[in-house]
Amino acid sequence: VNRARHDLQKKKRESSKKNTSGQQALKELRFGLNIDSGDLKTKMKQATSFLEKGHRIKIFMQLKGADYHRNQSQALVRLAEIAELIGDAGTQDAKPVITGHVVSTYIIPKPTGSSNSSSSSGGGKKQKLAVKEKLDQASLVGACTPEEVAKQGDKVRAMKEALSRDPQAHSKSELEHEIERLKALKDRLEKAAGSAPSST
């Protein structure tokens, strides 16, 4: 009796494995609207890894508060850019969609071509090089906007005005830090503007 029960359970487990092996697991990756280039590269590597393993990916941004109304279109564009960067390992299943406060899209793995096994080993190296190039371009997606530069410039001006009225309002190192941050944002904006025409 125990042997029959064991055999029956074993058959059930095997059949359930067969049923679920054809299904793709859904992995979710959350991106921030102003994601840093280093964080973006990490998420891109995760996405590529998931797609190479045959998983579907849901990439999304959750907009909160005032960001919801102000940045819907920016989030749609940013998500489409991210999906395009992942494009070497997978294909975008649908255009980004706004559902409530979440902007999302799905990426599915590209079908593997089994027609030529000798080209697949060379193709893997080419694909990895293409993904590496896309990761290097990922810093453009994380590039800042002119609004961010203007906002940081306003902050530096306000700090300078406060210091002219009251020398103890801010420390000199705080002001220098904000000025350095402004310079870094301007550099990122110039790099994005300088390389944007060449990518089209």
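**Charged side chains and their partners**

The side chains of Arg78 and Glu81 come together in a salt bridge at 3.9 Å, N to O, a salt bridge being a side-chain nitrogen of Lys or Arg within 4 Å of a carboxyl oxygen of Asp or Glu. The model is predicted, and local features need pLDDT of at least 70, side-chain atom pairs count only at pLDDT 80 or more, and totals for chains, interfaces and linings use all residues. Residues are numbered from 1 along each chain as its sequence is written, and side-chain values use heavy atoms, with hydrogens and water left out.

Both Arg78 and Glu81 belong to helix α4 (residues 72-86), where they sit three residues apart, about one turn of the helix; helices here are DSSP runs (H or I, at least four residues), numbered from the N terminus. Arg78 is buried, with a relative accessible area of 7%, whereas Glu81 counts as partly exposed at 33%. Buried means under 20% relative accessible area, exposed means over 50%, and partly exposed lies in between, with a 1.4 Å probe and protein chains only.

In total, the structure holds five salt bridges. Another of them joins the side chains of Lys155 and Glu178 at 3.6 Å, N to O. Lys155 lies in helix α6 (residues 146-165) and Glu178 in helix α7 (residues 172-199), so this pair ties together parts that are 23 residues apart in sequence. Lys155 is partly exposed, at 39% relative accessible area, while Glu178 is buried, at 10%.

Helix α7 also contains both Lys183 and Glu180, three residues apart, about one turn of the helix, and their side chains meet in a salt bridge of 3.9 Å, N to O. Lys183 counts as partly exposed at 45% relative accessibility, and Glu180 is partly exposed as well, with a relative accessible area of 47%.

Finally, there are charges that gather with their own kind: Arg70, Lys151, Arg181 and Arg188 form a patch of positive charge on the surface. Such patches are made of residues with over 30% relative accessible area and no salt bridge, like charges being joined within 9 Å, and Lys and Arg count as positive. The place of a charge is taken as NZ of Lys or CZ of Arg.

Key
Patch = residues over 30% accessible without salt bridge, like charges linked within 9 Å, V, L, I, M, F, W, Y side chains within 5 Å. Areas by Shrake-Rupley, 256 points an atom, 1.4 Å probe, with all protein chains shown as cover. Helix = DSSP H or I, 4+ residues; strand = E, 2+ residues; numbered from the N terminus.
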